[in-house]
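Welcome, and please open your viewer. We will walk through one structure together, one selection after another.

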Amino acid sequence: MKIIHFSDPHAGGGAEDWMAYFDKRWVGVFNYRFRRRFRHDLGKLERAVAYILSVRPDVAVCTGDLTSAGQPGEFERVRKVLEPLKTAGFPLIYMPGNHDCYVRRPWCVKAMKDMVAYLNGDGVAFDDFPLRRRIAGIEFLLLNTSRPSNLLCSWGFLSREDSRTIAGWCAEKKELPRVLVSHYPMTENHPILRIRHRLFGQKEVLKLAEEEKIDLVLCGHVHKPYFRNRPDGRIFECCAGSVTRNGSLVEIDGDAPGAFTFKTVDL
Ligand SMILES: [Fe+2]
Ligand SMILES: [Fe+2]
């Protein structure tokens, strides 16, 4: 079994309608104009797609932030780059990030939901998260933690209800390796320093991962890739970082829980 994990391409662009100047999108657009467009190169995503097509994994996982301000044109820009993966014959998992769920404007929400349906296929709908999917001998738990937040913060929230759903699934006998897919990491090294960017409400799910009821967490949001280890050295959280910033993705091989091997691929 082979998983390819990539994250945070952050396509961007200008304001797509005048209402963007009256909601949080102006922050995303400003950030893109003066910062992100110099740091994130969509050409690196094209290289990632070419690599994924050459490797043909059993499943490719994208942990979100396809866009910078969640606007339809940004989704369209990145959809064109990812399109070859849709016709390649292996499944894709896409979990939206906080930038994809940036505002409540109906046309932005629709673009995000359309992207979830398009990339995941198989009738997967954003409103059905959390969702459990068995693909290539893995039990994937798809957990959305991204919601629109205020102007200055990039918080994520895990609701009690979603936490309980995940706990319910984890209470069942584990027959396959169990992999949680979330945009936000479950672990947070500096909860105070990173308070503007962190996830709230994840403690119960983190405990499930620590107790090995969840074998692996795949996440993004933090743009520098990292692995988080269990006390015995096995990896339990893999953050792929930003593919367009670092030009890297992660290749995960292995069939048994605890026997995964991880390789960071520089494109
Ligand atoms: Fe991001
Ligand atoms: Fe993010």
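Here is a tour in a few stops through this predicted model.

**Stop 1: the sheet**

Begin by selecting the five strands that form an open sheet, in the order E3-E2-E1-E12-E13. Their pairing is mixed. At the edges you will find strand E3 (92-94) and strand E13 (261-266); each has a single partner strand, so one side of each is left without a neighbour in the sheet. Going from one strand to the next, the twist averages 20°.

Now highlight residues 2-6, which are strand E1, together with residues 248-253, which are strand E12. These two pair in the antiparallel sense, over four bridges. For a landmark in this pair, pick Lys2: opposite stands Asp253 in E12. While a strand is on screen, show its side chains too: in a regular strand they alternate between the two faces of the sheet.

**Stop 2: a helix across the sheet**

**Stop 3**

Next, select Gly64, in the loop between E2 and helix H3 (72-86). Is Gly64 buried or exposed? Gly64 is buried, because 26 other C-beta atoms lie within 10 Å, and the cut-off for that label is 20 or more. Leaving out residues up to four places away in sequence, Gly64 touches Ser7, Asp8, Met95, Pro96, Gly97, Asp100, Ser146, His183 and Gly220.

Asp65 is not a glycine, although its phi is positive, at about 55°. With 31 other C-beta atoms within 10 Å, Asp65 is buried.

**Stop 4: two helices side by side**

Show H3 and helix H4 (residues 106-120), whose axes come within 9 Å and cross at roughly 15°. That angle makes H3 roughly parallel to H4, because angles under 35 degrees count as such. The crossing in which H3 passes H4 is left-handed. To see the contact, select Pro72, Phe75, Arg79 and Leu82 on H3, then Trp107, Cys108, Ala111, Met112, Met115, Tyr118 and Leu119 on H4. Coloured by class, the contact of H3 with H4 shows ten nonpolar residues, one charged and no polar.

**Stop 5**

Follow the chain into the loop between H4 and E4, where Asp122 lies. Here is another residue that is not a glycine but has a positive phi, about 50° for Asp122. Asp122 is exposed, since 9 other C-beta atoms lie within 10 Å and the cut-off for exposed is 12 or fewer.

Pro130 has its place in the loop between H4 and E4 too. Zoom in on the peptide bond joining Phe129 and Pro130: this bond is cis, with omega at about 0°.

Finish with strand E4 (residues 131-135) and strand E5 (residues 138-142), an antiparallel pair with five bridges. E4 and E5 make a hairpin with two residues between them. Ala136, in the turn, has a positive phi of about 50°. Select Ile135 and look across to Ile138 in E5, which stands opposite.

Conventions:
Residues are numbered from 1 along each chain as its sequence is written. Chains are lettered from A and ligands numbered from 1 in the order in which they are written. This is a predicted model: local features need pLDDT of at least 70, side-chain atom pairs count only at pLDDT 80 or more; totals for chains, interfaces and linings use all residues. Two strands pair if DSSP finds at least two bridges between them. Axes are lines fitted to C-alpha atoms, for helices over the stretch in contact, and angles run from 0 to 180 degrees between N-to-C directions. Two residues are in contact if their C-beta atoms, placed from the backbone, lie within 7 Å. Angles under 35 degrees count as roughly parallel, over 145 as roughly antiparallel, 65 to 115 as roughly perpendicular and the rest as oblique. A crossing is left-handed if the near helix is turned anticlockwise from the far one by less than a right angle, and right-handed if clockwise. Ala, Val, Leu, Ile, Met, Phe, Trp, Tyr, Cys and Pro count as nonpolar, Asp, Glu, Lys and Arg as charged, and the others, Gly among them, as polar.
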